[in-house]
Amino acid sequence: MSKKNEIITAYTLQQCNSCKEQSKQKFSDGDYVFKEISKCSSCDGQVMVTKIFGESLTQ
Ligand SMILES: [Zn+2]
């Protein structure tokens with residue numbers, strides 16, 4: 001057993017289908033790959049989830 005606390009946080013990578021701007025957000029319930037999130041803030045494109053991944057933070 002390790003004494004270190006490993007916390008895995010899930011993130012989604014979201015990308016605009018028009019300007020290809022990417023952003024990383026914390027995963028929220030119901031997110032899935034190819035889910036349409038919202039309109040892009042910099043253009044009129046549609047932002048979709050392109051990837052869901054986890055990052056571990058060791059404290
Ligand atoms: Zn865009």
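Helices (H or I, at least four residues) and strands (E, at least two) are DSSP runs, numbered from the N terminus. This is a predicted model, in which local features need pLDDT of at least 70 and side-chain atom pairs count only at pLDDT 80 or more, while totals for chains, interfaces and linings use all residues. Residues are numbered from 1 along each chain as its sequence is written.

The chain holds 0 helices and 4 strands. Its radius of gyration, taken over C-alpha atoms, is 14 Å, well over the 10 Å that the globule rule (2.2 Å times the number of residues to the power 0.38) gives for 59 residues, so the chain is more spread out than a compact globule. Along its principal axes, the C-alpha trace spans about 50 × 20 × 15 Å. A residue is called buried if 20 or more other C-beta atoms lie within 10 Å of its own, exposed if 12 or fewer, and partly exposed in between, with C-beta atoms placed from the backbone; by this count, buried residues make up 7% of the 59 residues in the chain. Two residues are in contact if their C-beta atoms, placed from the backbone, lie within 7 Å, and among contacts between residues at least 6 apart in sequence, 49% join residues at least 24 apart.

**View 1. Confidence along the chain, given as pLDDT, the predictor's confidence in each residue from 0 to 100.**
The chain averages a pLDDT of 93, and 97% of the residues score at least 70. Confidence is lowest in β4, at a mean of 94, and highest in β2, at 96.

**View 2. The open sheet of 4 strands, in the order β2-β1-β4-β3.**
Strands of a sheet pair through backbone hydrogen bonds, either parallel or antiparallel. Here two strands are said to pair if DSSP finds at least two bridges between them, and the pairing in this sheet is antiparallel. The edge strands are β2 (22-26) and β3 (36-39), each of which pairs on one side only. From one strand to the next the twist averages 40°, where axes are lines fitted to C-alpha atoms, for helices over the stretch in contact, and angles run from 0 to 180 degrees between N-to-C directions.

**View 3. The hairpin formed by β1 and β2, which has 5 residues between its strands.**
Strand β1 (residues 6-16) runs antiparallel to β2, and 5 bridges join the two. Within this pairing, Q14 stands opposite S23 in β2, while the bridge partner of L13 is K24, also in β2. Of the 5 residues of β2, the number buried is 0, so this strand lies largely in the open.

**View 4. K20, placed in the loop between β1 and β2.**
K20 has a positive phi of about 65°, although it is not a glycine. With 10 other C-beta atoms within 10 Å, K20 is exposed.

**View 5. F34 and K35, with F34 in the loop between β2 and β3 and K35 found in that loop as well.**
F34 has a positive phi of about 80° although it is not a glycine, and it is exposed, with 7 other C-beta atoms within 10 Å. K35, by its 14 C-beta neighbours inside 10 Å, counts as partly exposed. Leaving aside its neighbours within four places in sequence, K35 is in contact with M48 and V49. The C-alpha atoms of K35 and K4, which are 31 residues apart along the chain, are separated by 35 Å.

**View 6. The hairpin that joins β3 to β4 through 6 residues.**
Strand β4 (residues 46-58) runs antiparallel to β3, and 3 bridges join them. In this pairing E36 stands opposite M48 in β4, and S38 stands opposite V47 in β4.

**View 7. The pairing of β1 with β4, in the antiparallel sense over 11 bridges.**
C16 stands opposite V47 in β4, and V47 is also the residue of β4 that stands opposite S38. Strand β4 is hardly covered, since the count of buried residues among its 13 residues is 1.
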